[in-house]
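Hi there,

Here is the structure I promised to pass on to you. Have a look at it first, then read on for what turned up in it.

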Amino acid sequence: MTSPPSSQGVRHAPIHPPRCRRRRRGTRRHARLGGLGPARLGGHRRVRRPALKVQQAAGTSAAAIQSAVDAFRAELGDLNPNEPGSFGSGRREINWDGVPDALAAPNLLPADFFNVNSPRGAVLSTRTGRFQVSANAGIGPIEFDNLAAGNSAQFAAFSPQRLFTQLGSTTTEVDFFVPGSTTPATTHGFGAVFTDVDRPGSTIEYYDIDGQLLGAFDIPVSPGRQTLSFLGVSFPSAVLASVRITSGKVSPQLSERAGPDTVAMDDFVYGEPIA
Ligand SMILES: [Ca+2]
């Protein structure tokens with residue numbers, strides 16, 4: 001099953017009521033004002049909704065999402081090298097495939113690997129603080145078979161052969177920095193590849209530098225095994241400071257055969273971080 005990519009913002013409205021979020025940037029902690037929707041903030045609705053463009057696709061093969069990924073890449077500009085400092089324009093990518101075996105499954109990936117070891121301006125956070133990149137064949141069980149038997153029959157890579165997930169959680173936040181530094185940055189957009197999105201519920205939320213929600217979008221669903229999905233959202237200016245990704249209903253540490261949807265991630269594609 002393949003859904004065609006869409007080139008314009010087909011869902012300018014958030015998928016659920018925007019929530020006000022206060023963040024302490026530069027740390028990996030944040031607090032939510034749980035339940036305080038706009039109506040309870042006395043009508044001071046501060047959610048800004050700049051024009052945005054959405055690229056999305058899902059299907060049973062890499063080819064099903066390739067054109068949407070490429071269109072999103074073209075919107076952001078040329079791929080920059082994995083070097084410190086901001087190039088001012090263009091894009092960065094993370095495909096997880098160059099991570100050293102010592103920092104891949106069954107070992108954990110450092111949250112700041114892609115700002116320190118390989119400076120690309122992306123720092124990860126999650127409730128548990130634990131992340132993992134799947135092992136290469138011959139080194140360990142592939143595609144998170146180390147987490148639960150049968151995962152490799154559920155998941156597929158867009159960029160072979162490694163995948164990414166958080167552990168003990170279903171959400172990962174990505175904060176952007178001037179690559180190789182602790183200076184917060186913003187970008188023009190962010191997109192990610194997902195595998196095995198069987199049901200609605202996987203999402204990307206986009207936040208500005210003040211922690212205000214810019215938009216939240218469902219990841220396109222493609223029922224079945226070893227499917228791929230892509231969602232990328234770009235903005236006309238570099239307003240995006242962080243994203244919150246929800247992947248599946250439970251961590252890939254639990255077998256999908258138990259019921260809830262498990263989802264893993266592959267390529268991250270995002271605009272050059274700009275201070
Ligand atoms: Ca990969």
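This is a predicted model: local features need pLDDT of at least 70, side-chain atom pairs count only at pLDDT 80 or more; totals for chains, interfaces and linings use all residues.

Strand β3 and strand β12 (residues 228-234) run antiparallel to each other and are paired over seven bridges. Strand β3 covers residues 53-59, and six of its seven residues are buried, so the strand is largely enclosed by the rest of the structure.

As background, strands of a sheet pair through backbone hydrogen bonds, and they can do so in a parallel or an antiparallel way.

Next, there is an open sheet of five strands, with antiparallel pairing, in the order β5-β8-β13-β10-β11. Which strands are at its edges? They are β5 and β11 (213-218), each of which pairs on one side only. On average, neighbouring strands of this sheet are turned by 20° against each other, ignoring direction. Within the sheet, β8 (residues 171-176) and β13 (residues 242-246) are joined in the antiparallel sense over five bridges. There, Asp175 faces Ser242 in β13.

Now for some backbone details in the loops. Most peptide bonds are trans, and most residues other than glycine have a negative phi. Here are the exceptions I would like you to look up.

Two cis peptide bonds:
- The bond from Ala105 to Pro106 is cis, with omega near 10°. Pro106 belongs to the loop between β4 (91-94) and β5 (122-125).
- Pro160 and Gln161 are also joined by a cis peptide bond, with omega about 5°. You will find Gln161 in the loop between α2 (151-154) and β7 (164-166).

Two residues with a positive phi:
- Trp96 is not a glycine, yet its phi is positive, about 70°. Trp96 lies in the loop between β4 and β5.
- Asp196 is not a glycine either, and has a positive phi of about 70°. Its place is the loop between β9 (189-195) and β10 (203-207).

Trp96 has 22 other C-beta atoms within 10 Å, so Trp96 is buried. Asp196 has 26 within 10 Å, so Asp196 is buried too.

Happy exploring, and do write back with any questions!

Best wishes

Terms used: Residues are numbered from 1 along each chain as its sequence is written. Helices (H or I, at least four residues) and strands (E, at least two) are DSSP runs, numbered from the N terminus. A residue is buried if 20 or more other C-beta atoms lie within 10 Å of its own, exposed if 12 or fewer, and partly exposed in between; C-beta atoms are placed from the backbone. Two strands pair if DSSP finds at least two bridges between them. Axes are lines fitted to C-alpha atoms, for helices over the stretch in contact, and angles run from 0 to 180 degrees between N-to-C directions.
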